[in-house]
Amino acid sequence: MTNRRLSNSTLQALPALAAIPGYDRDEIVPGIVHLGVGAFHRAHQAAYVDDCLATGETDWGIVGVSLRSADTRDALAPQDGVYTLAVRSSDSESLRVVGSILSMLVAPEDPGAVLAALTDPRTSIVTLTITEKAYLRAAGGGLDTAHPDIVYDLANPQMPRTAHGFLTESLSRRRAAGIRPFTVLCCDNLPANGATLHRLLVEFAALRGTRLATSGDADLARHIADEVAFPSSMVDRIVPATTDADRTRISGQLGVEDAWPVMTELFCQWVVEDDFPAGRPAWEKFGVTMVGDVGPFEDMKLRLLNGSHSAIAYLGLLSGYETVDRAFADPAIRQFVDGLWAEAIPTLPQDAGLDTTDYTAQLAKRYSNTALAHRTAQIANDGSQKLPQRIVASATERLSAGAPPAHLMLVVAAWIAACEARGKSLPENHFTDPLDLALAALGTRQLSAGEAVAAVFDLAGFAKGGAERLTLIDLAAAHLERLRQGGVAFALAALGIRSE
């Protein structure tokens, strides 16, 4: 292999095994700004946009923005933004070079450049994959007004740090300049993600208006509430972290160096509410499901895929499995997942035409994909932010319907046990959570299982104010006690699941 980099100048020299962009990248106009350019965006939304660009829709190039780290920009800038998407199954792999990301910005380095891109009249859509914790919600679901970054952005609207600050300031500037607002399309795993972000941004703008008390900001919150579209969406594609071995293998096949290829699976799903006043790409031509209400699809994905993913991650970590496929190959964990699905499925809308039988069969195939090597530690991150919608909501609804959520509450207990195992049977920073400091403090108090679960429920706001809260705590505490006493096998045995 040469030391040349993948870039516009080397595309035509790539071997035939790699598909390259089917359009002239110099003719593409930026129409989308994406906040949070990580591997998932590059395997999902950027690939769908790439498909649209290849059909002649030249107005939808992407300006990528990293809100924190410069790593992605540093990897992709020398490559003119192009990268390899490797689609892998257990027995095959296909390579595709994606060219839809035209440029990359790093917000902490130059917030003015990010605001300029967002204010550009050509920008019609802003998409986001910034992870759940970056929405800076308080335990009750509203904006965490005490968060240092929110406090900073309210005091420094021209130099924001958060997505809230960037979106609000750019919408304010567009309004002042007579430019129609862009559509804000959230692609993170939040319940009713568009409506959730809409509510948070209106709350932020109202606070900003109060602080600034200028004529231009007095009714900005109302403008965002009434004039800016926030369609909800549901995204699904497994994207494991890229390893050095992946980089070496892909670069070897290409004959040029790709600093950051992305690994993914064949399956890809995107369900989007069709509310784009400023226009959008014809995503539906490439498999995107455009709907009036994404809610039922979102619930199915959160509760069946994301919920079981979390279960596999925490039980897998506690059992010594590093990847999803290895954990799912454990007959006891496989049987547990079936039981989890059996509890969660009745909580889904029964009149929305959801085919849960086919969906769970596809999930089982995906989890068995040995080529992805999706690390359990990667999925385990941010449990306090993920479990409320993935697990606790289902458990609450099931309990209120008079049915026991035994499998569901074991997932919560397994998360707590996995947190407790860090620095012991698991490495100290094997996975992370926004509540890590508080969780570590709990770990020094030698609490009983019941005390530990109650304290964690308080910290994370699980089932806050719900009539079922105490029962859920008791169920999780019983599971946690068994995990502490005899590990995963002992806890699963209590559910009638035994290793073969």
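Predicted model: local features only at pLDDT ≥ 70, side-chain atom pairs only at ≥ 80, totals over all residues.
Which residues does A282 touch, not counting residues up to four places away in sequence?

A282 touches C52 and E57, once residues up to four places away in sequence are set aside. The residue itself is found in the loop between β11, residues 269-273, and β12, residues 289-291. Its relative accessibility is 13%, so A282 counts as buried, the cut-off being under 20%. For a sense of distance, consider A282 together with L426: the two are 144 residues apart along the chain, and their C-alpha atoms are separated by 46 Å.

S170 is found in helix α6, which covers residues 163-177. With a relative accessibility of 0%, S170 counts as buried. Leaving aside neighbours within four places in sequence, the contacts of S170 are L115, L118, T119 and F182.

Helix α10 comprises residues 295-319 and helix α12 residues 331-344; their axes come within 10 Å and cross at roughly 150°. Angles over 145 degrees count as roughly antiparallel, and α10 and α12 are therefore roughly antiparallel to each other. The crossing in which α10 passes α12 is right-handed. On the α10 side, the contact is made by R303, L304, G307, S308, A311, I312, L315, G316 and S319. On the α12 side, I333, F336, V337, L340, W341 and A344 take part. Sorted by class, this contact has 10 nonpolar, 4 polar and 1 charged residues.

Helix α16 contributes M409, V412, W415, I416 and E420 to the contact, while α18 contributes A452, V453, V456 and F457. By class, the contact of α16 with α18 has 8 nonpolar residues, no polar residues and 1 charged residue.

My last topic is the aromatic residues. How many aromatic pairs does the model contain? The count comes to 7, taking ring centres within 6.5 Å as the criterion. I shall describe two pairs.

In one of them, the ring centres of F328 and Y367 are 5.3 Å apart and the ring planes stand at 75°, so the pair is edge-to-face. This pair links distant parts of the chain, with F328 in helix α11, residues 324-328, and Y367 in helix α13, residues 356-367; the two are 39 residues apart. Both F328 and Y367 are buried.

In another, W415 and F462 have ring centres 5.8 Å apart and planes at 55°, so the pair is tilted. W415 lies in helix α16, residues 406-421, and F462 lies in the loop between α18, residues 449-460, and α19, residues 469-493, so the pair ties together parts that are 47 residues apart in sequence. W415 and F462 are both buried.

Key: Residues numbered from 1 in each chain as written. Heavy atoms only, no water. Axes fitted to C-alpha atoms, helices over the stretch in contact; angles between N-to-C directions. Helix = DSSP H or I, 4+ residues; strand = E, 2+ residues; numbered from the N terminus. Parallel < 35°, antiparallel > 145°, perpendicular 65-115°, else oblique. Left-handed = near helix turned anticlockwise from the far one by under 90°. Contact = heavy atoms within 4.5 Å. Nonpolar A, V, L, I, M, F, W, Y, C, P; charged D, E, K, R; others polar. Phe/Tyr/Trp six-rings, centres within 6.5 Å; stacked < 30°, edge-to-face > 60°. Buried < 20%, exposed > 50% of the residue type's maximum accessible area, 1.4 Å probe, protein only.
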